[in-house]
Amino acid sequence: ATAATIEAGEAKPAGIPVGGDEANNALRFEDLTIDDDLPLLDRVVRYCRSGIALQRLVHVKMLAETAETVGMTASLASLVPLLNPLVADPESIIRQHLASQLLPLAITCMVMGVGPHGISVEEILKSPTVQRDLNDVG
């Protein structure tokens with residue numbers, strides 16, 4: 001959704017309406033609940049697009065874990081497209097937590113075999129080569 005559509009009171013994809021009449025903006029309990037019956041990938045995609053910052057925050061913190069669980073192909077198709085709007089999120093706390101998710105997400109997207117039946121991102125990050133490179137940079 002663009003800024004113009006948000007200001008016009010239209011809904012973000014799979015989120016709740018933002019802007020418009022204040023009476024229509026009152027949050028209901030249903031708006032705050034999270035559908036735990038959704039598969040992990042669908043849930044993260046839906047709530048990273050939510051109009052509610054707390055829902056976005058909780059699910060942004062799950063990006064790396066989700067990427068590792070679903071693997072490279074699903075991460076590239078479903079999670080990477082979420083990054084552009086999240087990088088520009090109006091809430092700084094969401095942008096900060098997104099930054100901590102980028103390296104593990106990138107590794108999942110770059111390294112074949114990372115995922116539910118292969119090597120874990122944690123194992124890659126602990127490898128001597130990666131540790132040396134991280135120490136050289138930081």
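Entry: Does R43 count as buried or exposed, and at what relative accessibility? I looked it up in this predicted model. R43 comes out at 17% relative accessibility, so R43 counts as buried, the cut-off being under 20%. I then checked the partner. R43 forms a salt bridge with D36, and their closest N and O atoms lie 3.5 Å apart. D36 has 56% relative accessibility and counts as exposed, because the cut-off for that class is over 50%.

**Entry: the other charge pair.** I searched the whole structure and got two salt bridges. Besides D36 with R43, I noted D89 with R56, where the closest N and O atoms are 2.7 Å apart. This pair links distant parts of the chain. D89 sits in the loop between α6 and α7, while R56 belongs to helix α4, 33 residues away. Both D89 and R56 are buried.

**Entry: overall layout.** I counted nine helices and zero strands in the protein chain. Of its 138 residues, 30% are buried. I put the accessible surface at about 8,400 Å², with 57% of it on carbon and sulfur atoms. For contacts with a separation of 6 or more, I found that 51% join residues 24 or more positions apart.

**Entry: the core.** Which members of the largest nonpolar core touch the most other members? My list reads C48, V60, L63, L79, L82 and L86, out of 17 residues. Helices α3 (40-48), α4 (53-60), α5, α6 (72-87) and α7 (92-110) each supply at least two residues of this core. I followed C48 further. Leaving out residues up to four places away in sequence, C48 touches R56, H59, V60, L63, L82 and L86. R56 in that list is also the salt-bridge partner of D89.

**Entry: helix α5.** I looked at T66, which is found in helix α5. T66 has a relative accessible area of 0%, so T66 is buried. The T66 side chain reaches the backbone oxygen of M62 at 2.7 Å. Setting aside neighbours within four places in sequence, I found T66 in contact with L40, L41, V44 and L79.

I then moved to E68, also placed in helix α5, which spans residues 63-70. E68 has a relative accessible area of 21%, so E68 is partly exposed. I also took one C-alpha distance. E68 and V121 are 53 residues apart along the chain, yet their C-alpha atoms are separated by 7.1 Å.

Conventions: Residues are numbered from 1 along each chain as its sequence is written. This is a predicted model: local features need pLDDT of at least 70, side-chain atom pairs count only at pLDDT 80 or more; totals for chains, interfaces and linings use all residues. Side-chain values use heavy atoms; hydrogens and water are left out. Helices (H or I, at least four residues) and strands (E, at least two) are DSSP runs, numbered from the N terminus. Buried means under 20% relative accessible area, exposed over 50%, partly exposed in between (1.4 Å probe, protein chains only). Contact means heavy atoms within 4.5 Å. Accessible areas come from the Shrake-Rupley method with a 1.4 Å probe; for residues, only the protein chains shown count as cover. A nonpolar core is a set of buried Ala, Val, Leu, Ile, Met, Phe, Trp, Tyr and Cys residues joined through side-chain atoms within 4.5 Å. A polar contact is a pair of N or O atoms within 3.5 Å; within protein, one must be able to donate a hydrogen and the other to accept it, and residues adjacent in sequence count only if both atoms are side-chain atoms. A salt bridge is a side-chain nitrogen of Lys or Arg within 4 Å of a carboxyl oxygen of Asp or Glu.
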